[in-house]
Amino acid sequence: MTALTLYLFRHDLRLRDLPGLHKAAERGRVLPLYILDEAAAGDFAPGGASRWWLHHSLRALQTSLADRGGTLLLRRGASADILRQLIERTGADAVYFSRGYTPWERALEGELHRELTELGIDCRRFGSSLLHEPEHIANQSGEPYKVFTPFWRACRRASEPAMPLPEPDAVNWAEPPSPGDDLEDWQLLPDKPNWAAGWETLWTPGEDGASERLARFLGERLEDYASGRDFPAQESTSRLSPHLHFGELSPRTLWHAVRAAAEQHPGLHKPADKFLSELGWREFSAHLLFHFPALVDSPFRPDFRHFPWGGSKPRREAWQQGRTGYPVVDAGMRELWQTGYMHNRVRMIVASFLTKHLLTHWQRGERWFHDTLVDADMGNNLCSWQWAAGCGADAAPYFRIFNPVLQGKKFDPEGHYVRRWVPELAALPDRHLHAPWEAPASVLQEAGVTLGEDYPEPVVDHREARETALGAWQTLRERAQNAD
Ligand SMILES: Cc1cc2nc3c(=O)[nH]c(=O)nc-3n(C[C@H](O)[C@H](O)[C@H](O)COP(=O)(O)OP(=O)(O)OC[C@H]3O[C@@H](n4cnc5c(N)ncnc54)[C@H](O)[C@@H]3O)c2cc1C
C-alpha cells in the first residue's frame, strides 16, 4: 500500500498552484478533506455572506474533484480530533495544508503540528496564499514594516514570485473511509429570508469562476484600471477579492497573468503596476496582522485606546440600512446588502462616516462588514477599518475627514452609482443629487422627493459632526501630551 496523505483544504479552494497538493501527490495516495472548524475561528468564523460563498465554493471543489475521480470529505468540528480519528481509520501518515496568517489560523496550525507530530505523522504546511511570506520582508533593522510604500518597495525588490504550478496530473485519490457530512446539512445558505436571492447571477464562486473573472478583467477592465478604479459607477476594478480570499485564485497566478498582459501590450504597464500595488495592500494587511496580532482588538496607534467612541444605536442602524440621508453613503450600504460587495472608494467613505461622523467604534463597522461582505477577510478588513478610523498603521491622519457630499460629487459626478442604489432620488438633477436637503423645494417636488418621507433627512450635519470629531481627537491629543 502506498503512503496516504490527508490534504486539508483551507483558504485554498482550488487545484492549481497548490504546492502542498503537489507534494502530497508525489508521496502516494491523497485524501482531500475540508473541516469546518468554527470554534477555532471564534469571532472570525465565516459571517453570513461568506457562508453563502463557502457553500458554493465547496460545491465547485467537490465537482472538480469528482471530475478527476476524487471525493472531497467534509467534516465539521474540532480539526485535531477529526484528523486523529481519520488517521486511525485510514492509516494516513501525513497531513498537508496551506498555511494561514491570522492569529487563530496560526494557533490552530501550532496545535495540529504538536499533536500530529507526537503521533509520528508528517504534518506540513505550505505557503500558497501570499506573494511573499511575512517573515521574508523586513526593513534594514530586521523589523516588520509599518508603512505601505517602503513595504511595497521591499516586496518589489525581493525575488519575483515563483511561477504558479499547474494542477498536479494523475493524482491517486483515496476514497474516504465514510461518506462524511452532507454540505446541505451545514446550512450555510440563508433561509427565511433568503437575502442572497439572485447572487448566483452576480458571482460564480469556485476556481472556474475565478479564472473567468480574471480573463474578463484582463480583457476588458485592466486598461482603465488606473484612471477608473476610484469611480464606483465604472466597472474598472477586478472584483476578484472573494476569489482571492477563498483561495480560488492564487496571488501568484494573478501576479503573472497581469505581468504577462502588460508585456504583450506596453500600454497596460501603468494600469498593471497600479493594480499590482493594490494587491500589495492585501500583502501589507497580512504582513501587519501577522507581526502585530493585537490589531484584532486594539488600535495600532496606542493613543487611540482612550478615544471617546460613542455613537447611538439608531444612527448605527441607519448606517447599516442605508438611511443616513447622505446619498453616497446610503448607496454603498445598500450595494453591500444587496450584493455582498461594495466598491473600495465607497468602503472608505462609509467607514469614515461611521467612525468620524457618527463617532462609532471601528469594531462595529468591522463586524458589520465581516457579516455582510462576500470577500470578508480578517487582515484586509481589520487593517482597512483601523486605517479609515485613523488609528491604524499608515492611516490617513484623523483630522482628514471625508466630506460625503464632496466625495459623492467627485467620484460619482453624473450620479449613476447613487441613482442605481438609491432609486428614490433618481429624478433629482445631478447638482442636487449628493445633497438633496439643499435642493429648493420646487426641485424636490418636481423629482417626487419629500425629505423625511421618501428619503431621510441627514442623520447628522456634516459641519457639526466634523467639529465634534475634531474636538474628540483634540481631547485625546491633550490627554496624551499630559501623560508624556
Ligand atoms: C473599511 C474597508 C474594509 C475593507 N474590507 C475588506 C475585506 O474584508 N476584504 C477584502 O478583500 N478587502 C477589503 N477592503 C479592501 C478593498 O476595498 C477591497 O479589497 C476591494 O474593494 C475589492 O474589490 P476588487 O477585487 O474589485 O479590487 P481591485 O481594485 O480589483 O484590487 C485587486 C485586489 O487587491 C486587493 N486589494 C485592493 N485594494 C485593497 C485594499 N485597500 N486593502 C487590501 N487589499 C486590497 C484585493 O484582494 C483585491 O481583490 C476593505 C476596504 C475598506 C476601506
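Modeller: Happy to. Let's begin with Q187: it has 10 C-beta neighbours inside 10 Å, so it counts as exposed. Keep in mind that this is a predicted model.

Colleague: Where does Q187 sit in the chain, and what is its phi?

Modeller: As a general idea, most residues other than glycine have a negative phi, and most peptide bonds are trans. Q187 lies in the loop between β6 and α7, and its phi is near 50 degrees, a positive value in a residue other than glycine. A170 also has a phi near 50 degrees; its place is the loop between α6 (148–157) and β6. With 8 C-beta neighbours inside 10 Å, A170 counts as exposed.

Colleague: And which peptide bond is cis?

Modeller: Look at the bond from K192 to P193, where omega is near 0 degrees. P193 belongs to the loop between β6 (172–173) and α7 (207–221).

Colleague: Let's move on to strands. Which way do the residues of β4 point?

Modeller: In a regular strand the side chains alternate between the two faces of the sheet. Here A94, Y96 and S98 point one way from β4, while V95 and F97 point the other way. Five of the five residues of β4 (residues 94–98) are buried, so the strand is largely enclosed by the rest of the structure.

Colleague: What does β4 pair with?

Modeller: Strand β1 (residues 3–9) runs parallel to β4 and is joined to it by four bridges; T5 has A94 as its bridge partner there. Strand β5 (residues 122–126) also pairs with β4 in the parallel sense, over five bridges. In that pairing, V95 stands opposite C123.

Colleague: Next, the nonpolar core. Which residues touch the most other members of the largest one?

Modeller: The general idea is that in soluble globular proteins, nonpolar side chains tend to be buried together. In this model the largest nonpolar core has 109 residues, and L6, Y7, L31, L33, V95 and L289 touch the most other members. Take L6 as a case: leaving aside neighbours within four places in sequence, L6 is in contact with L31, L33, L83, L86, A92 and V95. Another core, of 14 residues, lies apart from the largest one, and F217, L222, A272 and F275 are among its members.

Colleague: How is the protein divided into domains?

Modeller: There is domain 1 (3–128), domain 2 (130–162 + 206–291) and domain 3 (302–483). The centres of domain 2 and domain 3, taken over C-alpha atoms, are separated by 27 Å. Where these two meet, 17 residues of domain 2 are in contact with 19 residues of domain 3. On the domain 2 side, α9 and α11 each supply at least two of the touching residues, and the largest share, five residues, comes from α11. By class, the side of domain 2 that touches domain 3 has nine nonpolar, four polar and four charged residues.

Colleague: Why does the ligand lie between domain 2 and domain 3?

Modeller: Because both domain 2 and domain 3 give residues to the shell around the ligand, the ligand lies between them. That shell holds 27 residues, and the closest are T237, S238, S241, N381 and S384. The helices α9 (241–245), α11 (269–291), α14 (344–357) and α16 (378–389) each supply at least two residues of the shell. Sorted by class, the shell has eleven nonpolar, nine polar and seven charged residues.

Colleague: Is Q234 buried, exposed or partly exposed?

Modeller: Q234 has 18 C-beta neighbours inside 10 Å, so it counts as partly exposed. You will find Q234 in the loop between α8 (225–228) and α9. Q234 and H343 are 109 residues apart in sequence and 10.0 Å apart in space, C-alpha to C-alpha.

Methods:
Residues numbered from 1 in each chain as written. Predicted model: local features only at pLDDT ≥ 70, side-chain atom pairs only at ≥ 80, totals over all residues. Core = buried A, V, L, I, M, F, W, Y, C linked by C-beta atoms within 7 Å. Buried ≥ 20, exposed ≤ 12 C-beta atoms within 10 Å, placed from the backbone. Contact = placed C-beta atoms within 7 Å. Near = placed C-beta within 6 Å. Nonpolar A, V, L, I, M, F, W, Y, C, P; charged D, E, K, R; others polar. Domains from an automatic or database assignment. Pairing = 2+ DSSP bridges.
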